[in-house]
Amino acid sequence: MATTEEIRSDLADIVNEVAGVDTDEVQLDKAFVDDLDVDSLSMVEVVVACEEKFGVSIPDDQVKNLRTVGDAVAFIERAAA
Amino acid sequence: MSLATTPVDTHARILGIGSYRGSLIVPNADIIAAIDSSDEWIQQRSGIRERRFADEHESVQFMSVEASKVAIQRAGITAAEIDCVVVATVSHLLQTPAIATAIAHELGTDKAAAFDISAACAGFCHGVALANDMVRAGSATNVLVIGVERLSEITDPGDRGTAFIFADGAGAAVVGRSETNGISPVVWGSDGEYFDYIRQREDWRDVVGTPEEPGSGVMPFLTMQGSSVFRWASFAMAKIANETLERAGITADELDVFVPHQANMRIIDAMARSMKLPPHVRIARDIAEQGNTSAASVPLALDRMMVEGEARSGDKALLIAFGAGLAYAAQVVVVP
């Protein structure tokens, strides 16, 4: 089972690849849209990449609940548990 | 007992392509007021800088005929040699008869078989698949496949999800006999569980209503669930695209040109990334100056690439189209 920091780090790589955000910026308290400038379409790409990376399912209706990096990491931890 | 068959042993290929763009050039600046948006937002969300709308004289039939004349001339045949006309459209607003018969007549075909198909944005690639099979089976010798839309008429200018996307135009291809095979097997299908993702808002009975309950009286505009469609198109369709290369017996390294349905530049970019297309593959980006013309987008985009020298005769081009239904179809073709 990956640690919270490992998931955050992998997620940071994904956000970097999809939206060009510096990986150091992708911290748990940062909001995707407001802080990292990841728009809703890029968010869809991030979510699909997370599904592949972490082997979890993140349905469309859940995506709007993933406001911050911490929300996404927590969702992945729960879904993978 | 066994009935007679058509004694044909031939391959098929695209002999010629033509297109016609609506004559009104509409920049984002003309769209933004009704949707409280900005040029920057539209470009960032879609890659669209301007789109083409038809003027009042540029009907579905008119644009189809103009695109077809070019395709027939480039194919090196005459209209009289066309024996089947297939029109893919969702925006010819006279439901019956099929517009294909009027187009076949205006072009001067000799009583060609003519019918419309409804597969929305995927319509042109469905038509190419049908044409390929018809030519190889001997049902027709030269099939004219037209993708045409006048979406400006069925788009709500106040809808933030669609007003900046849709546009007008026509593309046509002549599919005929060939000594070598120029059209791969089609990979196609539908995801009907997503029937509501892209649809006409209401049906005609809701528009008309009854004497007791009058209808809306408003054109049943297109609606779209953008994020859900983006996800499906960018990822599920990337898998279909790669499957199509396999069915065609080529690798991505052997592909020259990628012509996806011009739905949204962000979808085109995400698909290309997801497919891991090698950098030498030239990608159609007609949407920036044309907008999304549904069934017309693939031939419009391929024609632009041919005119601009990005797609050359003999190149292998992957066509993939997808949209309302949700329906999709893809094939590899040899550029004429």
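**View 1. Asp37(A) counts as exposed, at 67% relative accessibility.** The model shown here, as in every view below, is predicted. Exposed means over 50% relative accessible area, so Asp37(A) clears that cut-off. Asp37(A) sits in the loop between helix 1 and helix 2 of chain A. Its phi is near 60°. That is a positive value in a residue other than glycine.

**View 2. Ser42(A) is a buried residue of helix 2 of chain A.** Helix 2 of chain A covers residues 40-54. The relative accessible area of Ser42(A) is 9%. The cut-off for buried is under 20%, so Ser42(A) falls in that class. Leaving aside residues up to four places away in sequence, Ser42(A) touches Val18(A) and Arg266(B).

**View 3. Helix 2 of chain A packs on helix 7 of chain B.** Helix 7 of chain B spans residues 226-248. The two axes are 10 Å apart, at an angle of about 50°. Helix 2 of chain A and helix 7 of chain B are therefore oblique to each other. Their crossing is right-handed. From helix 2 of chain A, the contact uses Ser40(A), Leu41(A), Val44(A), Glu45(A), Val47(A), Val48(A) and Glu51(A). From helix 7 of chain B come Ser227(B), Phe230(B), Arg231(B) and Phe235(B). By class, this contact has 6 nonpolar, 2 polar and 3 charged residues. For the complex, the predictor gives an ipTM of 0.81 and a pTM of 0.93.

**View 4. Helix 1 of chain A crosses helix 4 of chain A at roughly 120°.** Helix 1 covers residues 4-19 of chain A, and helix 4 covers residues 69-80. Their axes come within 10 Å. Helix 1 and helix 4 of chain A are therefore oblique to each other. The crossing is right-handed. Helix 1 of chain A brings Thr4(A), Ile7(A), Arg8(A) and Leu11(A) to the contact. Helix 4 of chain A brings Val69(A), Ala72(A), Val73(A), Ile76(A) and Glu77(A). These residues divide into 6 nonpolar, 1 polar and 2 charged. Among the elements of chain A, helix 1 has the highest mean pLDDT, 93. Helix 3 of chain A, residues 60-63, has the lowest, 86. Chain A averages a pLDDT of 91, and 99% of its residues score at least 70.

**View 5. Helix 3 of chain B meets helix 4 of chain B.** Helix 3 of chain B runs over residues 60-75, and helix 4 of chain B over residues 99-107. The axes come within 10 Å and cross at roughly 50°. That angle makes helix 3 of chain B oblique to helix 4 of chain B. Helix 3 of chain B passes helix 4 of chain B in a right-handed crossing. On helix 3 of chain B, the contact residues are Val60(B), Gln61(B), Ser64(B), Val65(B), Ser68(B), Lys69(B) and Ile72(B). On helix 4 of chain B, they are Ile99(B), Ala102(B), Ile103(B), Glu106(B) and Leu107(B). By class, the contact has 7 nonpolar, 3 polar and 2 charged residues.

**View 6. A cis peptide bond joins Thr96(B) and Pro97(B).** Omega is about 0°. Pro97(B) lies in the loop between strand 4 (84-88) and helix 4 of chain B.

**View 7. Gly325(B) and Leu326(B) are joined by a cis peptide bond.** Here omega is about -10°. Leu326(B) belongs to the loop between strand 13 (316-323) and strand 14 (327-334) of chain B.

**View 8. Ser294(B) has a positive phi of about 50°, although it is not a glycine.** Ser294(B) sits in the loop between helix 9 (287-290) and helix 10 (297-307) of chain B. Ser294(B) is buried, with a relative accessible area of 3%.

**View 9. Glu212(B) lies in a loop of chain B, between helix 6 (204-208) and strand 10 (222-224).** Glu212(B) is exposed, with a relative accessible area of 66%. Its C-alpha is 58 Å from that of Ala311(B). In sequence, Glu212(B) and Ala311(B) are 99 residues apart. Chain B averages a pLDDT of 96, and 100% of its residues score at least 70.

Key. Residues are numbered from 1 along each chain as its sequence is written. Chains are lettered from A and ligands numbered from 1 in the order in which they are written. This is a predicted model: local features need pLDDT of at least 70, side-chain atom pairs count only at pLDDT 80 or more; totals for chains, interfaces and linings use all residues. Side-chain values use heavy atoms; hydrogens and water are left out. pLDDT is the predictor's confidence in each residue, from 0 to 100. Axes are lines fitted to C-alpha atoms, for helices over the stretch in contact, and angles run from 0 to 180 degrees between N-to-C directions. Helices (H or I, at least four residues) and strands (E, at least two) are DSSP runs, numbered from the N terminus. Angles under 35 degrees count as roughly parallel, over 145 as roughly antiparallel, 65 to 115 as roughly perpendicular and the rest as oblique. A crossing is left-handed if the near helix is turned anticlockwise from the far one by less than a right angle, and right-handed if clockwise. Contact means heavy atoms within 4.5 Å. Ala, Val, Leu, Ile, Met, Phe, Trp, Tyr, Cys and Pro count as nonpolar, Asp, Glu, Lys and Arg as charged, and the others, Gly among them, as polar. Buried means under 20% relative accessible area, exposed over 50%, partly exposed in between (1.4 Å probe, protein chains only).
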